[in-house]
Amino acid sequence: MAILLKGWCYIPDFIIKQHSKETIYEQIIFQIKLLIANGELSVGDSLPSVRNLAKSLEVSTLSVQRAYTELQQDGIIESVEGKGNFVAQGLNKSSLRDALLREVEDEAKKIIQIAKQNGVELKELHELLTILWEDN
């Protein structure tokens, strides 16, 4: 699902998984952080309104509002009364990327542990990850 930014810029691959163990708002937070860390969103870029993003993703406005509130509290986005939400001016993009990589590392450790406990060889795990990487 695409997000409409600045009235005409589409960002592809913004996907919400309804049956994920992560909540909707956590998925929104992660994906916005990822878009910023990867340079698809830059400091000062506007974000869709809560209502527009909720409609686009077919989720509750409460989920989007909670995501935006947490992103504001973390200094990642800022809200300007009457104008909307924007990527925060003082955002340190490299520290955001480091935090995302730590999250990926934590999840990878869990996957490795499960694989080892179940006799999955490193080569098999690598092949599986390669297939999954290419499918997403």
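Visitor: Is E58 buried or exposed?

Guide: E58 is exposed, with a relative accessible area of 63%. Exposed means over 50% relative accessible area, buried means under 20%, and partly exposed lies in between, with a 1.4 Å probe and protein chains only. The model is predicted, so local features need pLDDT of at least 70 and side-chain atom pairs count only at pLDDT 80 or more, while totals for chains, interfaces and linings use all residues. Residues are numbered from 1 along each chain as its sequence is written, and side-chain values use heavy atoms, with hydrogens and water left out.

E58 sits in the loop between α2 and α3. Helices (H or I, at least four residues) and strands (E, at least two) are DSSP runs, numbered from the N terminus. E58 is not a glycine, yet its phi is positive, at about 60 degrees. Most residues other than glycine have a negative phi.

A packed pair is described by the angle between the axes and the distance between them. Axes are lines fitted to C-alpha atoms, for helices over the stretch in contact, and angles run from 0 to 180 degrees between N-to-C directions. The axes of α2 and α3 cross at roughly 125 degrees and come within 8 Å. That makes α2 oblique to α3. Angles under 35 degrees count as roughly parallel, over 145 as roughly antiparallel, 65 to 115 as roughly perpendicular, and the rest as oblique. In contact (heavy atoms within 4.5 Å) are V50, R51, L53 and A54 of α2 with T61, V64, Q65 and Y68 of α3. By class, these residues are five nonpolar, two polar and one charged. Ala, Val, Leu, Ile, Met, Phe, Trp, Tyr, Cys and Pro count as nonpolar, Asp, Glu, Lys and Arg as charged, and the others, Gly among them, as polar.

Helix α3, residues 61–73, also packs with α1, at an angle of about 50 degrees and with the axes 8 Å apart. α1 and α3 are therefore oblique to each other, and α1 passes α3 in a right-handed crossing. The α1 side of this contact is I24, Y25, I28, I29, I32 and K33, and the α3 side includes V64 and Y68. Nine residues of the contact of α1 with α3 are nonpolar, one is polar and three are charged.

Beyond α3, in the loop between α3 and β3 (77–80), is I76. I76 counts as buried, at 5% relative accessibility. Not counting residues up to four places away in sequence, I76 touches K33, I36, L71, F86, V87, A88, L91 and L96.

How values were computed
A crossing is left-handed if the near helix is turned anticlockwise from the far one by less than a right angle, and right-handed if clockwise.
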